[in-house]
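Work through the exercises below with the model open. Each task is followed by a stepwise solution.

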Amino acid sequence: MTAHDLPVIAAVDGSSHSWEALDWATHEAVRRGLPLLIVNVRPLTSRTDEEVQLAEAQELLAQALVRASGHAPGLPTSTLAPLDFPSAALTSLSRDASMVVVGSRGLGGFRSLLIGSNSLATASMAECPVVVVHSGRTDEDEVEAAETFPDIAVGVAADESSEAVLEFAFEAAAARPGSRLRIVHGWTMFSSILAGGPFVDRKAAAEVAERTLAELTAGWTGKYPGVEVVREPVNGSASRTLVTASATAALTVVGRRKGGESLGLGLSPVAQTTVTHALGPVAVVPC
């Protein structure tokens, strides 16, 4: 199996958030011409008899198969019900996946949390991009929603590699004909000083930020000539800009350094704020 054949993994647990994640994953698999793998992780901490637990997982996965086939008849789809801690299982499976798609919250945890611990841990540790689908914004018909929210928004920073992040974002835009790619680069006078740039002249700092963004994104439009690109150097918080952009974006993309700490600490402040507060799906890409 080549990298271009690796499945889109959809994690389901019976929560409304996970059903929306499954719908998103199904449509994304169709867009990218990839198979779909639906996973229900049977938690090690469950007190339910293992045979009963397996039967419940198989019933849930059968429902998920019906739902996925209803959206995408003919899509190659398989299921898996591993026995493990959810984030550990999904992180392990991510080594052989094109992406992992999770809901922003599952059945466990406090209802007031903006994002569940398993979703955050998976986004922090997975070997492939993780898409966190926030509930309540999109239509039941994903195609109609994609037409309403056509843009892909992506954040790039000067202090981390942007290659994998931009590649994922450009591919997402290319898979959605008519989509624009908004490339956001946040800067402040403080960041300009840290980078050895202007520390008094705001206009000069803005020009440096614009050149930096042009350098970070050089060559990509040639690889994806069909994607309309809008570059947005932003004086201010990149995370605030990305959260705002997520309200009208089909997908918002941020990067994560590989090998970071677990439980969200591997995410940069921009990535964690975006994942937590976004108003639409967010992809976290290891870079």
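**Exercise 1. Is Phe170 buried or exposed, and what about Trp220?**

Start with the ground rules. This is a predicted model, with local features needing pLDDT of at least 70, side-chain atom pairs counting only at pLDDT 80 or more, and totals for chains, interfaces and linings using all residues. Residues are numbered from 1 along each chain as its sequence is written, and side-chain values use heavy atoms, leaving out hydrogens and water.

Step 1. Phe170 has a relative accessible area of 1%. Buried means under 20%, exposed over 50%, partly exposed in between (1.4 Å probe, protein chains only). So Phe170 is buried.

Step 2. Trp220 has a relative accessible area of 4%, so Trp220 is buried.

**Exercise 2. Classify the ring pair of Phe170 and Trp220.**

Step 1. Rings of Phe, Tyr and Trp (its six-membered ring) pair if their centres lie within 6.5 Å; planes under 30 degrees apart are stacked, over 60 edge-to-face, the rest tilted.

Step 2. The structure holds three aromatic pairs.

**Exercise 3. Why does the pair of Trp220 and Tyr224 count as stacked?**

Step 1. The ring centres of Trp220 and Tyr224 are 6.4 Å apart and the planes lie at 20°, so the pair is stacked.

Step 2. Tyr224 is buried, at 16% relative accessibility.

Step 3. Phe170, Trp220 and Tyr224 form one aromatic cluster.

**Exercise 4. Which residue lies over the face of Trp220?**

Step 1. The test: NZ of Lys or CZ of Arg within 6 Å of the ring centre and within 35 degrees of the ring normal.

Step 2. Lys223 lies over the Trp220 face, 4.3 Å from the ring centre.
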